[in-house]
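Q: Hi! Could you walk me through this structure while I have it open?

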Amino acid sequence: MMVFKREWKRAQKALWIWTLALGGMTFLIMSVYPQFAENKEQLQELMKLYPEAMLKAFNIDQLGFDSALGFYAIEGYLFVTLFGSIYAAMLAGGMLVKEESDRTIEFLLSKPISRVQVVVQKAAAVALVLVVFNTVLSVINYLGFQVAGDDHIDMVTFTLISLAPLLLHLTFAALAFGLSAFFRKQRLVTSISLAIVLFSYFVSIVASISDKLSKLKWITPFEYVNSAYIIEQASIKPVYLIIMIMIMVISVTAAIMKYMKKDLVI
Amino acid sequence: MNAIELNHLTKRYGKARGIEDVTFQVAQGEIFGFIGPNGAGKSTTIRTLLNFLYPTSGTAKILGKDVVTEAKNLRQHIGYLPSEVHYYDDMKVSELFRFSAGFYPGDSSKHALELAERLQLDTSRKIEDLSFGNKKKVGIIQALMHEPQILILDEPTAGLDPLMQSIFFELLRELQQKGTTIFFSSHYLSEVQKLCNRVAIIKDGRMIKIENMEDLHAKKFKKVHLHFQNKWDQKIRLEGVLQENVTDNSYEFIYNGHTRNLLEQLVNIQFDDVTIEEPSLEEIFMHYYEKEAGENDGL
């Protein structure tokens, strides 16, 4: 458990910076909701002036600003999913490869620990960090909703809208984690991981704007946790859930397989 | 049972030179020197023994166990000091020892503190603030702290001052008396001479020779540089000269033989200045071993 403990401890600082930054942001957004709600009609008039593509891109067409949940799904959810994914990818992408690029792997692997244990403990540390990250963010969100003063929040929907970002973060983290087993330089892994997140986000925007390109939604994890779908249907599409779980399983398995056979110091 | 056993171990990778068909055994309780110039394959061999690298072919065993299939179990019994020590920069020395101790049964961090005292290392400092020599001490301590049966040290003395080096050698001798097998690499012949029972010599990824130190002691080498103020006659022939380099006002050579004989011969030469020093291992390789290897090939 030494590696797990070490990674958990090492992740603390970044974890709380990201949590406070994102939590603070969503809390701030939710605290302006009452003012929005007061001027609902004017806002809807205003929305009509926006190009349709933009309304689609941000799910405004489906959700509208008329409930706190909808308001959150349009404004706050974006921060949590996009920036949270960036954090998750950076966290997980560095996990394995940093031991090699910092050349500490020679120290670590001279201890009685197997390579599989190293990978599994590091993956577990990433998972725990992301669970804590999302749990704390959800608590802050919940407080934000209280401030927003919406009389009642559907707890099922709220749970789903809190769970979905966790799944998304875990998906991107798993991809970055798997990737990092194949490289030796941390900087490269971080760049590629970030590119994957940003590209996925871009694809999800394109897929929601253009009907022609809507098939692209299958390749972007952002679509798997589409807030409009979750709020309207009060569920996460099972097929997307399965895809995300498969990405996680395959990525971590690939990381283990590769790491077991890798020449670690050259 | 041999403590360490390599059978036709070969590791090739990319453009970097690996090792080719390396075979030797280290007996239990032996101090075994592994010497060769930079890039000869010393670290590659050691890293393959520790299973950081997978062998291309051949096998290696430590304490009778295969280094690949039983890597994890073996590490319990091995203390390893890498040639370049890199640790987690954010840790203090004492934190690193605690972290290290956590992998082994019992509490070895106490022993680490004793060793730190002996090597005069301040454990309250951050690792990233330490000098190269002090980082090396951290490396030595984390390799010794769990009292392993086998010590594998990759250029352990680089960066240590002479005082520390002698404390370190004292430690190694004590460990040998307790039965620890010590395998260490170096490119300084003088280091090896003081400490080892046997040495293996590696060059360009291949084993050249394994020698008992007693045999090697009989072969003493000196690097001699004679300086002449004026042009000299260049007709001196000395006994035991292996390789010479003659210019108008200097004569440089590697001498092999008894030092007293060297001095007796030098008395007759009208030089203006002389330096006599230990040759680097490379210099001996270049001339002595290379020649010998050639002869063995029937050239």
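This is a predicted model: local features need pLDDT of at least 70, side-chain atom pairs count only at pLDDT 80 or more; totals for chains, interfaces and linings use all residues.

Q: Good to know. How many helices and strands does chain B have?
A: The secondary structure of chain B comes to 10 helices and 14 strands. Along the principal axes, its C-alpha atoms fill a box of roughly 70 × 45 × 40 Å.

Q: And how is chain B divided into domains?
A: Domain 1 covers 4–217 and domain 2 covers 219–296.

Q: How many Å apart are the C-alpha centres of those two?
A: The centres of domain 1 and domain 2 of chain B lie 34 Å apart.

Q: What percentage of chain B counts as buried?
A: Of its 299 residues, 37% are buried. As for contacts in chain B between residues at least 6 apart in sequence, 68% of them join residues at least 24 apart.

Q: Switching to the open sheet: what is the strand order?
A: In chain B the order is S12-S13-S11-S14, with antiparallel pairing. The twist from one strand to the next averages 10 degrees.

Q: Which strands stand at the edges?
A: Those are S12 (241–247) and S14 (273–277) of chain B; each has a single partner strand, so one side of each has no neighbour in the sheet.

Q: Over how many bridges do S11 and S14 pair?
A: Strand S11 of chain B, residues 221–227, pairs with S14(B) over 5 bridges in the antiparallel sense.

Q: What stands opposite His225(B)?
A: Thr275(B), which is in S14(B).

Q: Now the inside. Which residues touch the most other members of the largest nonpolar core?
A: That core has 129 residues, and the ones touching the most other members are Val126(A), Ala173(A), Phe177(A), Ile141(B) and Ile152(B). A second, separate core has 7 residues, including Val224(B), Tyr251(B), Phe253(B) and Tyr255(B).

Q: Back to Ile152(B): what does that residue touch?
A: Leaving out residues up to four places away in sequence, Ile152(B) touches Ile46(B), Leu49(B), Leu50(B), Ile78(B), Tyr80(B) and Phe183(B).

Q: Last topic, the contact between the chains. How many residues come from each?
A: Chain B gives 22 residues and chain A gives 18.

How values were computed. Residues are numbered from 1 along each chain as its sequence is written. Chains are lettered from A and ligands numbered from 1 in the order in which they are written. A nonpolar core is a set of buried Ala, Val, Leu, Ile, Met, Phe, Trp, Tyr and Cys residues joined through C-beta atoms within 7 Å. A residue is buried if 20 or more other C-beta atoms lie within 10 Å of its own, exposed if 12 or fewer, and partly exposed in between; C-beta atoms are placed from the backbone. Two residues are in contact if their C-beta atoms, placed from the backbone, lie within 7 Å. Domain bounds come from an automatic or database domain assignment. Two strands pair if DSSP finds at least two bridges between them. Helices (H or I, at least four residues) and strands (E, at least two) are DSSP runs, numbered from the N terminus. Axes are lines fitted to C-alpha atoms, for helices over the stretch in contact, and angles run from 0 to 180 degrees between N-to-C directions.
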